[in-house]
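Student: Can we go through how the helices and strands pack in this one? Keep it quick.
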Amino acid sequence: MSVFRWSLYFSSCPRFAPSRASVLKRSLSCSTATAHTETNSIKKTQKKEKTSPVETPTRNLLVETKLQEYLDHLATTQDISVVDLEREYKPSIRPDKTATDYEEEYKKVVARLVRSFSLSQLRTIAKSYEIDISSKLTKWSTAATIVERQWRWPSLASIKQEKMDSEIIHQSFLLDAKEAFLILGKDGADLLDISSKFGVHVSLSSNPLTLEVEGSRASLTQLSTYIDNLKMGIKDRYFQLPSARHVGSDSLQHISRKSGVFIEDAGEGLIRLTYKDGDEAAVHLAERLTFRAASEVEECIPALIYPAQDSNPSLGQVSLKHPTYSFYPFQPSQLKLQASKRTCLFRVRRVEDWLRSDLNDGVQDASSLSEMTHVMDFSGNFVDLRQSLAQVPSSHANCRITASFGHLLVSSSSSQSSITPPLSGSQELSNLLKWFQTEEPKRVFMSSLPHPLINCAPAQQHMIHRLVYRSLSTTKDCSSDSAEESIKFELVLDNTNFAAPQKAEGGNDHSNHMKDPSMRSIDPLEDVALAPTCWAESSRRLDLMLPDRPMDIRFSALKNHIIARQHWPTGLENYYKDFKSFLTTSDQATGQPEIPSTLRKDGIDYQLSLASSVRQTLDPDLGVSLSREPSLRLVVESTLDLENNERSRLCQVTCDDITSDISWAAFIRHCSAFIASPSSKQKSPRWDFS
C-alpha cells in the first residue's frame with residue numbers, strides 16, 4: 001500500500017483524522033523524500049562507473065618463496081633427514097646436568113620434538129638412529145629416548161638418582177672375629193684397600209664387633225655386596241699338629257698376621273684355619289708356620305749359666321762379693337714365630353757397680369771362658385760343658401761343635417704388653433737360679449752378629465738356597481738326651497756376576513738379600529753353577545747364659561752323613577730338577593716350582609721347617625791376633641726366610657775336632673773373644689776378610 005493511500009485512510013477515520021494543514025505537510029514531505037532518494041541513487045551509480053579501477057592478477061607467495069617446492073619435496077620423501085633434524089632441533093650447547101635450569105631446558109627440547117612430529121615419525125627417527133624403541137612407549141617417552149640416548153642428555157630420573165646416591169650416610173656391619181680378621185687383611189692392608197676402592201671412611205668398633213662405614217649411598221650399596229660375597233666365600237680347614245706339640249695363642253696370632261689366615265686352637269692339637277676362598281697358598285703357609293712354631297719349643301733346650309768367677313789367686317782375679325743380676329727389657333730386631341709383637345722379652349744382666357767400674361772391667365777381662373770349669377745348671381750344680389755337648393752321637397766320630405752368638409731372652413707370662421720384669425729388683429745368683437728352676441719360663445734365642453763383625457764387609461760370598469726338614473717323630477722332652485733328626489738340602493749358586501757387597505757409609509751393609517730363587521737377575525743364566533748337597537743330621541743344642549757378657553752363646557753338637565743322589569727323597573729330587581730348569585731356562589713363563597712341604601725317608605716323615613736364601617761368607621783366617629787352627633772355621637750368614645719374609649744375621653764358629661784338647665781350648669778362646677765387652681780394656685780382635 002502506498003503512502004498516499006495510508007494517509008487517505010487515516011484521514012478518513014474520525015479518530016485519526018488530522019487537520020488539513022498537517023495532512024498536506026506530510027504528503028509534501030513524502031514526495032520530497034522519494035525524489036531525494038532517487039536522485040542519490042542515480043549519483044552513486046554514475047560515480048561508481050567513473051572511479052572503478054582496472055583488475056590486476058594476485059601474487060602467489062608459495063611459488064615466489066619456493067615454500068611449495070619444499071613442501072612438495074617433503075610430501076614425496078619417505079625418510080626424514082637426520083642432518084636436517086639435528087640442525088633444526090638439536091641444541092648446539094647442552095647445559096650442565098648440575099645446573100638449576102637443566103630440567104627446564106631438557107623439557108623444552110623434548111616438547112619441541114613432540115609438537116613437530118607424530119609418534120610414527122618419531123619412531124622412524126629412532127630407527128634411523130638405530131635405537132630400539134618399544135611400541136608401548138608414549139610420544140613423550142619416545143622423544144625423550146632420542147634426546148637421552150642419541151643426543152646424550154642425562155635423564156631427569158638418573159640425575160635424581162645420582163643426587164640420592166651422593167647423599168652421605170652411615171652404616172654398621174655386624175661381624176664376628178673371623179670375618180673382621182679377613183676383612184682387615186695382613187696388617188690392615190685389605191681394610192685400607194676397601195676404603196680407597198669404595199671411597200668411604202671405615203673403622204672397627206668393639207662390643208659388639210662392627211665395621212663402621214661412612215660414605216655415599218651408592219658406595220655403601222657396593223660395599224654391602226662386597227661384604228656379603230666375602231662372608232659367603234669364607235672356608236674352614238683343620239690341621240693336626242704332631243703328637244706332644246702345642247702352640248700358644250700369642251704365637252697363633254703372630255702366624256695369623258704373617259699368613260693372612262685366621263688360626264684357632266680347636267683343642268687336642270687340632271688347629272682350625274679360616275681363610276678366603278681361593279687363598280690356598282696362604283693356607284699352606286699357615287700350616288708350615290704353625291708346625292715350625294710347634295717345633296721351636298725353646299724351653300725344652302737345656303740351658304746353663306756362666307756366672308762371674310770367685311777370687312782365684314792363681315789367676316790374679318779380684319774378688320767380687322755378691323754380684324747381683326736383674327731382668328732388663330730387650331727389643332730384638334726380629335721376632336721368632338713363638339713370640340708376638342706384644343710379647344715382652346727380657347735378658348738377664350749383671351747390675352753394674354759404677355763406683356767400682358775399674359774393678360768390674362778387670363773381672364770381665366780375667367773372667368774368660370778359657371776352661372769352662374764354672375758352668376752351672378739351674379739347680380746350682382757345676383757341669384762340664386764339653387762333656388754335655390758330646391752326648392749327641394754315640395761316638396765322637398764325624399761330630400762337630402758350633403757356637404752361635406746372640407741373646408738368650410725370657411718372655412713375660414703376662415698377656416698384656418708391659419716392661420715390668422717377671423722377677424723384679426736385683427737378685428743374687430742363688431735366687432735367680434731358684435726362680436728359673438721353679439717358674440720354668442719360656443726362653444727365646446735371638447741370633448746376632450758380635451760387635452767385632454758388625455762393621456766388617458766380607459770379600460767373598462756364596463749364594464745358597466737352603467731347605468730344612470725336621471722329623472715329625474722327634475720327641476721334645478727337656479729331660480731327654482735324644483737328638484733332633486733332620487734332612488737338609490743346600491743348593492749353592494756360584495756365578496761370576498755375584499759381586500761382593502760394598503761397605504755402606506757408616507759401616508752397615510745395606511745390600512739386598514737374595515730373594516726367593518726367583519732371582520733372574522743372574523745374566524746369563526747358563527753361567528750359574530749349581531752344587532746341590534743333601535744330608536741327614538742329628539743335632540743337640542745347648543744354651544749358655546752369660547749375664548756378665550754382652551752376648552750369650554748357643555752351642556750345637558752335630559753329626560751328619562751325606563745322602564747320595566740316588567737315595568734322595570722323591571719329592572726333593574723332583575724339586576731340584578724343576579728348580580734347575582727354572583733357573584737355566586730363558587722362558588719367563590716358566591713358573592717357580594713349589595717347595596715340597598713333607599718328605600719321607602727310611603719310613604720317617606719330615607716336615608718343612610725352613611726355606612731360606614742365604615748369603616754366606618766362609619773365612620778360615622780368623623785374624624792375626626788369634627791362633628790359626630785348621631779345625632776351626634768362621635761362618636757369617638745373612639738369611640732371608642722365604643716364608644715369613646724375615647731377615648736375620650748369624651755368626652758361627654765351628655770346631656771339627658772335639659776330641660782334641662788343643663782344638664777345644666782354641667775354640668773356647670775364640671768364642672770368648674767374640675763376646676768380649678766393647679768397653680773392656682782388652683783389645684778386640686781384628687778380622688781380615690781380604
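Student: At what angle do helix α5 and helix α6 pack?
Tutor: Helix α5 (residues 82-89) and helix α6 (residues 102-116) pack at about 130 degrees, and their axes lie 11 Å apart. Axes are lines fitted to C-alpha atoms, for helices over the stretch in contact; angles run from 0 to 180 degrees between N-to-C directions. Helices (H or I, at least four residues) and strands (E, at least two) are DSSP runs, numbered from the N terminus.

Student: What are we looking at, and how are residues numbered?
Tutor: This is a predicted model: local features need pLDDT of at least 70, side-chain atom pairs count only at pLDDT 80 or more, and totals for chains, interfaces and linings use all residues. Residues are numbered from 1 along each chain as its sequence is written, and side-chain values use heavy atoms, with hydrogens and water left out.

Student: Back to α5 and α6. Which orientation class do they get?
Tutor: α5 and α6 are therefore oblique to each other. Angles under 35 degrees count as roughly parallel, over 145 as roughly antiparallel, 65 to 115 as roughly perpendicular and the rest as oblique.

Student: Is that crossing left-handed or right-handed?
Tutor: The crossing of α5 and α6 is right-handed. A crossing is left-handed if the near helix is turned anticlockwise from the far one by less than a right angle, and right-handed if clockwise.

Student: Which residues meet there?
Tutor: From α5, L85, E88 and Y89 meet V109, R112, L113 and S116 of α6. By class, the contact has 4 nonpolar, 1 polar and 2 charged residues. Contact means heavy atoms within 4.5 Å. Ala, Val, Leu, Ile, Met, Phe, Trp, Tyr, Cys and Pro count as nonpolar, Asp, Glu, Lys and Arg as charged, and the others, Gly among them, as polar.

Student: Now α7 and α8. What's the geometry?
Tutor: Helix α7 (residues 119-128) packs on helix α8 (residues 139-149) at about 25 degrees, with axes 10 Å apart. α7 and α8 are therefore roughly parallel to each other. Their crossing is left-handed.

Student: Who's in that contact?
Tutor: L119, L122, R123, I125 and A126 of α7 meet K139, T142, A143 and I146 of α8. That contact divides into 6 nonpolar, 1 polar and 2 charged residues.

Student: Switching to sheets. What is the strand order in the one with β4?
Tutor: The order is β4-β6-β5, an open sheet of 3 strands with antiparallel pairing. β4 (234-240) and β5 (262-267) are the edge strands, each pairing on one side only. The twist averages 25 degrees from one strand to the next. Two strands pair if DSSP finds at least two bridges between them.

Student: How many bridges join β5 and β6?
Tutor: β5 and strand β6 (residues 270-276) have 5 bridges, in the antiparallel sense. D265 stands opposite I271 in β6.

Student: Which helix packs on that sheet?
Tutor: Helix α14 (residues 280-295) does, touching β4, β5 and β6. The direction of α14 makes about 30 degrees with that of β4.

Student: R288 is in α14. Buried or exposed?
Tutor: R288 is buried, with a relative accessible area of 12%. Buried means under 20% relative accessible area, exposed over 50%, partly exposed in between (1.4 Å probe, protein chains only).

Student: What does R288 touch?
Tutor: Not counting residues up to four places away in sequence, R288 touches E594, S597, Q607, L608 and E643.

Student: And the sheet with β1? What order?
Tutor: β1-β3-β2, an open sheet of 3 strands, paired antiparallel. The edges are β1 (168-174) and β2 (201-205). The twist averages 20 degrees from one strand to the next. β1 and strand β3 (residues 210-216) pair over 7 bridges, with F173 partnered by L211 in β3.

Student: Last one: what pairs with β22?
Tutor: Strand β12 (residues 399-411) pairs with strand β22 (residues 647-655) in the antiparallel sense over 4 bridges. T402 has T654 as its bridge partner in β22. Strand β21 (residues 632-641) also runs antiparallel to β22, joined by 9 bridges.
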